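Trainee: I am new to this structure and would like to go through it step by step. Can we begin with the overall picture and then turn to the strands and a helix?

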Amino acid sequence: MIGRKTMAEECNIIKEIQKNSTREKEVVQALEKQNGLTWEEDGVVYIERRIYVPNNKRIREEILKENHNLVDVGHPEQQKMLELLKRTYWWPGLKKDVKKYIQGCFKCQQNKVQHQRKTGELHPLEILQGPWQEISINIIGPLPKLNGMDTIVVIVD
Ligand SMILES: [Zn+2]
């Protein structure tokens, strides 16, 4: 079910890409080279077997969303998301856009903050080099007098 839905969504994205004939300078230059690595087919430009996504904010954001927010993708971090995207798509500045997208993802930023808080709470005890380097003193009292004394002092080395 999920796979079928993703495929349908991918078809829609391809249709959107086909409708958009704008080509960035890098892409035009790559096409002109005619070196077999870049070619155009049915209104889609392929660069090294990846689909070139024209400079359209809506299409690119849709693709970024698909490769980040869907349940089966599960908010990958920057490098993983980039690898995932590059299996199918490419555009100039893709890496920068991925970084920006993650920075703008509420859930990812929230996780980051929680993670930082967690590490902040931990105060692991240091391994001491010898005796008397760390001493704790607890003074308990005043207590009811017993043999003329009313205070307990606990010293831990
Ligand atoms: Zn996220």
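**Overall picture**

Mentor: This is a predicted model. Among contacts in the protein between residues at least 6 apart in sequence, 45% join residues at least 24 apart.

Trainee: How many helices and strands are there in the protein, and in what order do the elements run?

Mentor: The protein has 6 helices and 6 strands. Read from the N terminus on, the order of the elements is α-α-β-β-β-α-α-β-α-α-β-β.

Trainee: What percentage of the residues in the protein is buried?

Mentor: A residue counts as buried if 20 or more other C-beta atoms lie within 10 Å of its own. Of the 157 residues in the protein, the share that is buried is 11%.

**Strands**

Trainee: Which residue in β2 is the bridge partner of Glu41?

Mentor: Strand β1 covers residues 38-41 and strand β2 covers residues 44-47. The two run antiparallel and are joined by 4 bridges. In β2, the partner of Glu41 is Val44.

Trainee: Which residue in the turn between β1 and β2 has a positive phi?

Mentor: β1 and β2 form a hairpin, with 2 residues between them. The turn residue with a positive phi, about 50°, is Asp42.

Trainee: What is the count of buried residues in strand β6?

Mentor: Strand β6 spans residues 152-156, so 5 residues can be checked against the cut-off of 20 or more other C-beta atoms within 10 Å. The strand is hardly covered, and the count of buried residues is 0.

**A helix**

Trainee: Why do the buried residues of α5 line one face of the helix?

Mentor: In helix α5, residues 94-103, the buried residues are Val98, Tyr101 and Ile102. Seen down the axis of α5, these buried residues line one face because they fall within an arc of 95°.

Methods:
Residues numbered from 1 in each chain as written. Predicted model: local features only at pLDDT ≥ 70, side-chain atom pairs only at ≥ 80, totals over all residues. Buried ≥ 20, exposed ≤ 12 C-beta atoms within 10 Å, placed from the backbone. Pairing = 2+ DSSP bridges. Arc of directions from axis to C-beta. Contact = placed C-beta atoms within 7 Å.
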